[in-house]
Amino acid sequence: MAASTGAALLLAVPAAVVGAACMGVASAAQAQATKEVEVSRILDPGLLRGLAHRPLWLVGMVATGAGLALQLVALAYAPLLVVQPLLITSLIFAGVFSARIERRKADKVMIAGSVTCAAGLASFLLLARPSGNSDRLSSGSQAIPLAIALTVLTLLGLLVSVTAHGSARVLGLAVATGVLYGITAGLMKIVAVQARADLTAPFRNWTLYVVCLVGPLGFLLSQNTFQQGRFLTPALAVITALDPLAGVAIGVWWMGETASTAPSALFGEAVSGAVIIVGIVLLSGRATKLARETGEGREDSERQREEGAGRLSRDG
């Protein structure tokens with residue numbers, strides 16, 4: 001990164017981290033609130049109507065608004081390749097806040113998985129040394145392959161979410177959500193840089209209106225993801241990994257941002273990606289085990305209640 005961007009980064013990096021904390025609060029609150037309403041069909045707006053009466057969900061919406069505002073500030077002053085990886089820290093905040101909301105101890109394996117994901121993306125950021133601050137998309141043919149890949153990945157996630165069940169459905173929802181969030185962030189970058197120069201400029205550009213379409217769609221999918229999943233952290237790990245990865249790809253292929261391509265840096269970036277995957281596997285495996293233990297615990301409690309009721313009826 002160029003030295004001239006140092007002052008901008010002093011503003012952008014704290015804004016991104018605090019914004020990630022707000023997003024962590026929002027995810028934890030919304031995940032809990034979605035469990036309190038009737039399960040709805042995928043992409044059914046009725047889910048939002050039901051959630052609108054839940055105070056905890058409204059707290060999450062306030063936190064979401066604050067997080068988005070801080071993300072816009074960060075994007076206005078720093079490249080996508082800087083801001084997006086920092087958002088992975090929301091996973092740690094969400095895990096801690098979710099445990100507090102559910103009045104349970106934070107699981108050590110969950111924390112380890114969250115920290116592993118965060119460490120992987122932090123090392124990626126340090127090795128990539130990103131730069132660039134464009135306010136427009138490139139017009140060349142190089143943008144087409146990425147557009148096709150992101151579209152196919154989103155549609156594949158949606159297809160799995162409507163045809164599969166259980167953890168596979170949650171995974172499909174999380175994949176589609178993460179990609180849409182990454183696309184939204186890339187377009188928000190353009191809006192933020194334009195607004196920094198002229199507050200009226202975004203309203204004269206199509207990008208803002210696409211953000212207003214894709215962003216809410218991703219948000220609705222995220223609420224479906226939280227409702228369908230038993231635990232918040234694994235689904236959020238997939239979302240928060242795909243979100244910055246899609247954002248980084250958009251920054252490089254659509255907006256001309258640059259990153260280090262030295263062989264040693266590329267090797268380190270690949271290792272960082274593997275570390276992120278390890279973190280997600282840790283989180284997913286632990287969540288599956290906890291869900292099984294929770295289910296077994298409920299079955300034992302129900303069996304004990306039934307046996308107790310049977311003894312009372314016999315004694316009577």
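Modeller: Contact here means heavy atoms within 4.5 Å. The model is predicted. By that contact criterion, and leaving aside residues up to four places away in sequence, Thr207 touches Leu187, Ile190 and Val191. Thr207 lies in helix 9, which runs over residues 206–228. With a relative accessible area of 2%, Thr207 counts as buried, because the cut-off for buried is under 20%.

The buried residues of helix 6 are Met110, Gly113, Ser114, Cys117, Ala118, Gly120, Leu121, Phe124, Leu125 and Ala128. These residues cover an arc of only 150° around the axis, and therefore sit on the same side of helix 6. An α-helix has 3.6 residues a turn, so residues three or four places apart point the same way. On the face turned away from the buried side, helix 6 carries the exposed residues Lys108 and Leu126. Just after helix 6, Arg129 takes a positive phi of about 50°.

As for the whole chain, the protein has eleven helices and zero strands. Of its 316 residues, 47% are buried. Among contacts between residues at least 6 apart in sequence, 84% join residues at least 24 apart. The accessible surface comes to about 15,500 Å², and carbon and sulfur atoms account for 67% of that surface.

Notes: Residues are numbered from 1 along each chain as its sequence is written. This is a predicted model: local features need pLDDT of at least 70, side-chain atom pairs count only at pLDDT 80 or more; totals for chains, interfaces and linings use all residues. Side-chain values use heavy atoms; hydrogens and water are left out. Buried means under 20% relative accessible area, exposed over 50%, partly exposed in between (1.4 Å probe, protein chains only). Helices (H or I, at least four residues) and strands (E, at least two) are DSSP runs, numbered from the N terminus. The arc is that of the directions from the helix axis to the C-beta atoms. Accessible areas come from the Shrake-Rupley method with a 1.4 Å probe; for residues, only the protein chains shown count as cover.
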